[in-house]
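Subject: Structure handover

Hi,

Here is the structure for you to look over. My notes come after it.

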Amino acid sequence: MAFFERASPALKHILLQLYRDDKPFAVDHHLHEFGSLQYHIQSYASEPHHAYLSVSTPLLSTGSSILCELPSSTMETVTRICPEVVEIVDPPRTGYQLTLKLSFAKIPRKKDAAKIITEIASVHTVILSSQLRELLENVNDQEITQGTYKPIKLVYHQREPFYVVKQPEKLTAVFPIRIKEDSDVVIAKAFFQELVDVGSSGRFAKAPACYWSAIPPAELRGESMQDLSTNGGFVSFEIMARHVEGKKLEKTVWNLLNFNALVKYHVKCTKGFVQRRMRSRFG
């Protein structure tokens, strides 16, 4: 479940090793995570107190508009991770959208060090959160179609677009669900029904309301049939103002961006559990 965490565990481990090692040593390490996400970590014996972190990631985009470079507002957000430690290298290393120069000597050698490095290892989350926040803030509130606000189609993984509908008091995120194996659809639908039931209980009244439908919800009326063709139906979450206040924003964004991955993970784990039970019963 490493890809559900805000900070990359592998990247955090490497950076902590570089920070804690008393003897400077050269590192040239490539790290691949979560599909097309790539990190390149470099350090040089000639620069004992510095390391370079390059990032290549799929960027969140709207509709058919595919972004290749990080927006300036996103770059500004990255620099605020830890201004004393993080410096953006311009231009970035070839093949990457972002390169950071990390000054380990400026990290306090106390308990805060691990916290700061965890924040640096969360750079991928910061990039995506900043993008989605900017996309939502730039929506024209006056653009209304058939009495509802026009949906924004968001693309993070090319085959798994989702939609956000901005309304005066809430945002509705809608996920068209496509399950690779038809035999897994039953497991996925049972999971969605469980989310709906749990979300409607009093214990989780503060969580975003969840809905599932076999047919496209009214908010997606007019969208292309290709995007609305699914075998797993549509899952919707109602995001209220309290779900995006302060530090909750990044968590909410991260959960939305990883929802399809969570569905796949749940289906895989459920199948594995059922298969183990069957083997133990008939073995």
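Below is what turned up, region by region.

This is a predicted model, in which local features need pLDDT of at least 70 and side-chain atom pairs count only at pLDDT 80 or more, while totals for chains, interfaces and linings use all residues. Residues are numbered from 1 along each chain as its sequence is written, and side-chain values use heavy atoms, with hydrogens and water left out.

**Glu-160**

Glu-160 sits in the loop between strand 9 (152–155) and strand 10 (162–166). Helices (H or I, at least four residues) and strands (E, at least two) are DSSP runs, numbered from the N terminus. Glu-160 is buried, at 19% relative accessible area. The classes are buried under 20%, exposed over 50%, and partly exposed in between (1.4 Å probe, protein chains only). Apart from neighbours within four places in sequence, Glu-160 is in contact with Asn-260 and Lys-264. Contact means heavy atoms within 4.5 Å. The side chains of Glu-160 and Lys-264 make a polar contact of 2.3 Å. A polar contact is a pair of N or O atoms within 3.5 Å; within protein, one must be able to donate a hydrogen and the other to accept it, and residues adjacent in sequence count only if both atoms are side-chain atoms.

**Arg-242**

Arg-242 is in the loop between strand 13 (234–240) and helix 7 (248–257). Arg-242 is partly exposed, with 36% relative accessibility. Leaving out neighbours within four places in sequence, its contacts are Ala-205, Lys-206, Ala-207 and Lys-248. The Arg-242 side chain reaches the backbone oxygen of Lys-206 at 3.5 Å. Arg-242 and Ala-207 are 35 residues apart along the chain, with 9.5 Å between their C-alpha atoms.

**Surface patch**

Which residues form a nonpolar patch on the surface? They are Phe-273, Val-274, Met-278 and Phe-282, with about 430 Å² of accessible area together. Patch residues have over 30% relative accessible area and no salt bridge; like charges are joined within 9 Å, nonpolar side chains (Val, Leu, Ile, Met, Phe, Trp, Tyr) within 5 Å. A salt bridge is a side-chain nitrogen of Lys or Arg within 4 Å of a carboxyl oxygen of Asp or Glu. Areas come from the Shrake-Rupley method with a 1.4 Å probe; for residues, only the protein chains shown count as cover. Phe-273 lies in helix 8 (residues 259–282) and is partly exposed at 43%.

**Cysteines**

The structure holds zero disulfides (cysteine sulfur pairs within 2.5 Å). Cys-82 is buried, at 10% relative accessible area. Cys-269 is partly exposed, at 37%.

Best wishes
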